[in-house]
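Here is a short note for a colleague who is new to this structure. Please read the points in order.

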Amino acid sequence: MAATKSDPELHSTTAELASGPNYGVLTTLLPSGNLQNHYVWVGTDGKRLVVNTEVHRQKFKNVERDPRVTLTIRDEQDPYRYAEVRGEVVETVRGQEARDHIDELSQKYHGAPYDPEDIKTERVMLWIVPSRQTIVGPGSDEGSPAS
């Protein structure tokens, strides 16, 4: 079953998946107009979604130019359950806050701080607000019309 929600409030399943150690795929637009997918760690503040990258990476350059993204978060315990979020990067945060955030994500996914040797440039947080969410998997049709 699938449920679709077209507003900026996070669906409860989207928030649940973003809170756990579930991997996401971030889709951005290249300068050519072609799509580019990136596997990412995902977080949330309960209202927005967040991914963390570095300023030299193509995904950051893409969202600076065009903030529209799709973020699909897969339930690692049940890969047939996922949330597809279409939205926009509405805020970027750099500096120590972004550096601290990558350590938080690394703790969530690997149980250890992020290796500083893996940082090549400045860390940046990409805050995403949904415009449309589709939830797929068991129980996903609760409270929302299917599309």
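What is the mean pLDDT of the protein, and what share of its residues reach 70 or more?

1. Confidence. The mean pLDDT (the predictor's confidence in each residue, from 0 to 100) is 93, and 94% of residues reach 70 or more. This is a predicted model, in which local features need pLDDT of at least 70 and side-chain atom pairs count only at pLDDT 80 or more, while totals for chains, interfaces and linings use all residues. Residues are numbered from 1 along each chain as its sequence is written, and side-chain values use heavy atoms, with hydrogens and water left out.

2. A stretch to treat with care. Over residues 142-147, pLDDT stays under 50. The model has nine contacts (heavy atoms within 4.5 Å) beyond four places in sequence for this stretch. Where pLDDT is low, predicted coordinates should not be read in detail.

3. The largest core. A nonpolar core is a set of buried Ala, Val, Leu, Ile, Met, Phe, Trp, Tyr and Cys residues joined through side-chain atoms within 4.5 Å. Buried means under 20% relative accessible area, exposed over 50%, and partly exposed in between (1.4 Å probe, protein chains only). The largest such core has 26 residues, and Val-42, Leu-49 and Leu-71 touch the most other members. Elements that each supply at least two of its residues include α1 (12-19), β5 (49-54), α3 (96-110) and β8 (123-136). Helices (H or I, at least four residues) and strands (E, at least two) are DSSP runs, numbered from the N terminus. β8 gives the largest share, four residues.

4. Around Val-42. Which residues does Val-42 contact, leaving aside neighbours within four places in sequence? Among them are Ala-18, Val-51, Leu-71, Ile-73, Leu-105 and Tyr-109. Another core, of five residues, lies apart from the largest one. Its members include Val-50, Val-93, Ala-98 and Met-125.

5. Salt bridges. The whole structure holds 13 salt bridges (a side-chain nitrogen of Lys or Arg within 4 Å of a carboxyl oxygen of Asp or Glu). Glu-54 pairs with Arg-57 at 3.1 Å, N to O. Glu-54 is buried, at 0% relative accessibility, and Arg-57 is partly exposed, at 32%.

6. A longer link. Glu-122 and Arg-94 form a salt bridge, with their closest N and O atoms 3.2 Å apart. Glu-122 sits in the loop between α3 and β8 and Arg-94 in strand β7, so the pair ties together parts 28 residues apart in sequence.
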